[in-house]
Every structure is written in C-alpha cells, then in structure tokens.
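Please look over the sequence and the model shown here before reading on. The report that follows takes up a set of paired strands and then a single side chain in a helix.

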Amino acid sequence: MPLPIPRFRHPRVFIRRSALLTVFLVVAALSGAIPAAQQNQAPARANPLLTVSPLPFEAPPFDKIQDADFPPAFDQGIREQQADIDRITANPDPATFENTVVALEKAGRLLTRVNSAFNALSSANTDDTLQAIQEEEAPKLAAASDAIFLDGTLFERIAKVYAARDTLGLDPESMRLVEHDYQQFVLAGAKLSTADKATLKALHAEEAALSAKFVNQLLDATKAGGLVVADASKLAGLSPGELAAAAQAASARGLDGQWAIPLQNTTQQPALASLTDRDVRHDLFERSWLRAERHDANDTRATIARLAQIRAQASALLGFDSYAAWKLQDQMAGTPAAVESFLGKLGPAAAARARREAVDIQAAIEHRHQSFTLEPWDWNRYAEDVRKAQYDVDESAVKPYFELNRVLTDGVFYAAHQLYGLTFRERHDLPVYQPDVRVFEVIDADGSPLGLFYADYFKRDNKGGGAWMDNYVQQSTLLGTKPVICNVANFTKPAPGQPALLSMDDVTTMFHEFGHALHGFFAAQQYPSLSGTAVARDFVEFPSQFNEHWALDPDVLAHYAVHDRTGEPMPPALADKLRKARTFNAGYDMTELVAAADLDMAWHTLAKDAPLQDVDTFEQAALERAGVALPQVPPRYRSSYFMHIWGNGYAAGYYAYLWTAMLADDTFAWFDAHGGLTRENGDRFRKLVLSRGNTQDYGEMFRGFTGHDPDIAPMLAYRGLAPGGS
C-alpha cells in the first residue's frame, strides 16, 4: 500500500490553545456613545465571532460569519489575550501553578475561537478578501505570540513554578504541563537578551508575513496552473464521469465548452494514470512541476529562499546550529542526526525498488510497441499495465465498489464502531460553510456525546490542496469543551446525478483523516495545551496511519465494498488481489516521500550565515546527496510548492509521516498478533494511546502499548521494502 498523501494540518500561526472568560463587542469598545444622527438607524450588526457560539458543542456559526468580521475579531482577541497575560504578570502574589500555569491555559480564548473559524474558511473555502486578511493578520499574530513567549516577567513566574515542581504535589498531567510550558518558553527565546529578543521578534514578523504570502501565491499558482483544453479528444482515457467533471470544472471558471483538470497539491496528478495522449500528459505534468516557477507574481522561489534564511538566523539566535536542531527538541526523534539516520535506512531500499519498478514499466511501454524512454509523466499510465499484469487489478474495475457515502458510513464509521463502540448520527440543523459539507454527532459506546464531525470531501478551486483534519473546538475539561472536528479532502466531485466513486488511495485518505479525528475525539485531558492531537509532529500521524490499515481488513472491506449499480459485494478474488497489490509501486511511493523529507531537512539544516539559495540548484543537489535523485521519480513536493514546510508548520517535520508509519505498522503487527479488529484491542489502544494526548513521554507511551521500542522491520515488510519483499 502506498504511503498516504500528507494530510494533517495544524493552524498556520501559533495561538495558545486556551480560553478567555470575558468577551465584549468590539463596537462597544471602540465607538462609545452613538452619535445622535445615527440613533434612529438600525442597530449595528453584532459580530458573531466575539461571543461563544450558542450552537451545540460551540460549533462555529458559519451562517452568520462574514469575512469582514475577522479583522476586528482578531484585533479584539489579541487585545484580550494580552490583557490576560498582563493580569498574570501583575499579580502581586508569588507564582503558583494555579495563578500562573493554569491562568495561562485560560488566556486568549477569544483569539483561539477566531483563529479556528478563520483557519476553517481560509483553508477550505477561501476568497480574495480572506487571503488579504491572512497576509495582514499573520505578522500581528506572530507579534502576539512573541509578546507572550518573550515576556520576561511571565517567564520568571513560569521558571519559579518549574523549579519548585517536585514539591507541589502535582498530578502527572499537571507536571507534564509545567515541563511543557517551560520548554516551550525556552525554545521560543525566553532566555535571550533584550536586544536579541527584538531581533527575534522582527524575524518572526517577517517569517509570518512571508509564510502567508507563500500560501496565497501557491493557491493562485495552483488555480492558474490547471490544464484546460478545447477539444475533449485530448482527454482520451478519462471516464465519462471524469470528462463530465472536467467540463463542470471549466464551466465553474467561466470556460463553457471547454474541459479543465485542476491541479492537486502533489507533483503527480491523478489523471496521468488515464490520459492516453503523451503530449497532454507531459503538458499536465509540466504545469504541476512548474506551477510556482513561472517568473510571475505567483513564483514562490524568492519567498521560500528568504524563509529558509530567516529560520536559520532565528535558530542561531536561540543557540542552535540549524532550524532543524531547534525544532526537533520536543519531538520523538530529538535530533537531525536521528532523522537523517532513519531516512538513510529508507532511501536506499526505496530507490533500489523504484529502479526495479522502472525496468518493469519500461518493459510495459515496449510491450505496447512504444519506443520512448520512461519519463515521470509516463509512470502512472504504464504502471497500471504492470499492476494489471502482476496483480490483475484494474483501477476502473475497483472504483464502482468504492462509493463515497458507503465508504464513510459502512467503512470508516463501521470500523470505529467495531473497535471503539462509536455510533454516528447525521445532523441537518447545524450551519455549514459550503453545501457539500456534512455534519455528524459522534456518540460514545455508553451513549454519551463525544462531539461533532464535519466532512468536506470534494475539491473546489477555493480550497487548499491535499487533505487534513482540524479542530474547530478542542477538548478540555478545564474549559468544559468537547471536540468539534473536521476532515477535509480534495476528491473529484461527480457530475450531477453521478455517484462519487473513489480510488483505493482516496479510500485510504478517508481512513487516514478519520484516524486523526479519533485522536481528537478520544482526548481526555484537563489542559487544552496537552489535549488530543496537540502532540509532536512525529507522533501526530501515528493514529492516522494506523487507522489506514482497517481499509483492507477483510471484515471492514466486506462491509463497505459494494458495487454502486448492482449492489453486489466485491468478489473475494478481487478483494484478495487488492491486498496483494498493496505493495504495488512501493518503491516509487516511498522514494517520492523520502525525497520530500530530505528536501525539508536540507532546507532546515542551513547555517545562519548561508546566503540566499538558488532554489532549483539547491533542490537538485540535496536530492543527489540523499541518493534519491531518480530521473523518473520526482519528489512528492518540489521546494516551490511544498505547502507543508512553508505554510503549514511542518518545517523540519515532514519526515514525521515516515517515522509515524514505522509506529503505525509496528502497532498493527501487535493488533494482528492479538486478534485484530476487536473491541478489546480497540479499547486498549484508546486507553493507552488515543486518549493520552501529550501527557506522557512518547516513547513511554509507545512501549506501554506494544511492549517494545519502535521497530522498523514491520514497516519495511509491510511496505514491500524488506530484502526479497514483493
């Protein structure tokens, strides 16, 4: 099975996961008395972001939120968060756990709420106004974060609690919070001199502005870079449903009578597996490959070169050799050397298998009496020939068994019920930001409500690429909140009246993202900073990648894989072929991921005095050093459109998808050895991992469940990379 498209998304700008107890309307704060000339006018509309949502579970009131609500709400949230901090630092009483650490957990609830709603819309349903707001607010939010972490008086109080922590009689979660807070402040620069703090603040403001600029440049570049044709024959190989979707996509852009294939976030594009015209495939690939390198306003190279330089300079101020050395301090891996050692075990095995796969694909090309040499835009097209020949699996024969709603309710939800006893009730009474979005109430095995689940699966031009999970509301017993969670993807929307049929990769995506959702729903923490998915990058993908394994579990697959027209279940022979084919293309899939991870580490191990890099030259050199510069296997993301590391907080953390695959595959091997899909196993995993959040050392947590340190062997075997693996 190929590794997943990276899917988990944290907020783009750090805002403490916390709460504010008192809110008031910004209109009242700013305007004072109403002028006499306006007293007979209709009352000003209240900003819905400034009060806690009255909806169940504090779900966002998407039907009431307008773009113009965000700037004043951000401003008010920043002011109130700072007022909360000022109350902590002005407290004349000696610093205690309650009046400092717990008070900090409660600070800034309005800003957290505003940022959560903004992330939801700017990621999945953006527009020009939201993009402009994003660029305007990013430096303000960075400054607000710095105002907390670089506040010397606040850090002095936290340091006093930290120094006395062993004498305070704290429970384990509270002890973890004290240690977590102290570490985060130190890593953020709390020990710097006044002059160095000022320099760091300036670097952070510039970084935030450039990161927001990159996000918007890439969105526009991706939107502009899609393939548009005026002759449908150019798209030979696409199914009638895919052609109809392409016509609809063109029409949505005002291009009636034409056909459009929008770009997805990855280098390779799904249509490349089907298009028969090689020139068209080449065109589509080049549009993807060069989307952000066209020497126009959307060219991101200057932006990212400066971002990398800023990060190196900031980490040097903090006393580290590189940004990666700084970033990995609170991760499970710990050091760049550990990451590079781990990637070094994967890269050679993956590249060797990819070279063997390339030989098979070249043979498939020649079998068709074609004389050209395999290029990246040919790989997926002719790999299908190899899949059919070696595994007798035809993607077009599989898709009718994977209708989206059936996969969701009878696959994803069914597995969650079998493992954890969950049930789901769709709700039509809650507002959504787009008609395609669905909402479900999640009910625990004992009948108590766990929270709300939002599902937004179809691609739109105003939606970011890839797929992700996010919290609209985070669980916390301190704040009395239950989780409100979304899963977002970019599946092709069918033409009206047609079923939404998914590929096996799409199905895997749904299971993956719901693994993140389970991690959030099962959170049982007192403090929001430690709750649910608020864990290290190289741990957060563990539950999601583990959940992927159930997509092909015999019991689960039999429950959801039903033909959309005939209603017949998937034949056992076809299901067996799918399982045997899960390691198909494993060399390619792993190599493109390792290549992307190596690029990330190369950018983020630059020294503080490194000059601005020529992006293309730097990229090629990095891939060659890592031994993954295969001409037919491009990295999953080029530097110029690597959203995860320049816009989504995964800088020096992209390796986490591979690291957590090791954790997930090792854990699934434990399940397999202990009876597989059972409530007993699920409840144990929930108790020892999914419900723990960031309340325990990650290594201890993993050993507590499996009984041993992480072992890469199950990963190599499961991914077809072990010596002699198929």
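Which residue in E5 is the bridge partner of Val-439? In this predicted model, the partner of Val-439 in E5 is Tyr-454.

The pairing to which that bridge belongs joins strand E4 to strand E5, residues 449-458, through 6 bridges, and the two strands run antiparallel. Glu-441 also faces this way, standing opposite Leu-452 in E5. Between the two strands of this hairpin lie 5 residues, and Gly-447 adopts a positive phi there, near 90°.

Strand E4, which covers residues 438-443, also pairs with strand E3: residues 423-427 form E3, and the two strands are antiparallel over 5 bridges. Within that pairing, Glu-426 stands opposite Phe-440 in E4. Strand E5, for its part, is joined to strand E7, residues 484-491, by 6 bridges, but here the strands run parallel; in E7, Val-488 is the bridge partner of Asp-456.

| Strand pair | Sense | Bridges |
|---|---|---|
| E3 and E4 | antiparallel | 5 bridges |
| E4 and E5 | antiparallel | 6 bridges |
| E5 and E7 | parallel | 6 bridges |

How many residues of E4 are buried? The count is 5 of its 6 residues, and the strand is accordingly described as mostly covered. For E5, 9 of the 10 residues are buried, so this strand is largely enclosed by the rest of the structure.

A separate site concerns Glu-592, which lies in helix H21, a helix spanning residues 586-603. Is Glu-592 buried or exposed? Glu-592 is buried, because its relative accessible area is 6%, and the cut-off for that term is under 20%. The side chain of Glu-592 makes a polar contact with the side chain of Arg-636, at 2.8 Å.

Key:
Residues numbered from 1 in each chain as written. Predicted model: local features only at pLDDT ≥ 70, side-chain atom pairs only at ≥ 80, totals over all residues. Heavy atoms only, no water. Helix = DSSP H or I, 4+ residues; strand = E, 2+ residues; numbered from the N terminus. Buried < 20%, exposed > 50% of the residue type's maximum accessible area, 1.4 Å probe, protein only. Polar contact = N/O pair within 3.5 Å; in protein donor to acceptor, adjacent residues only side chain to side chain. Pairing = 2+ DSSP bridges.
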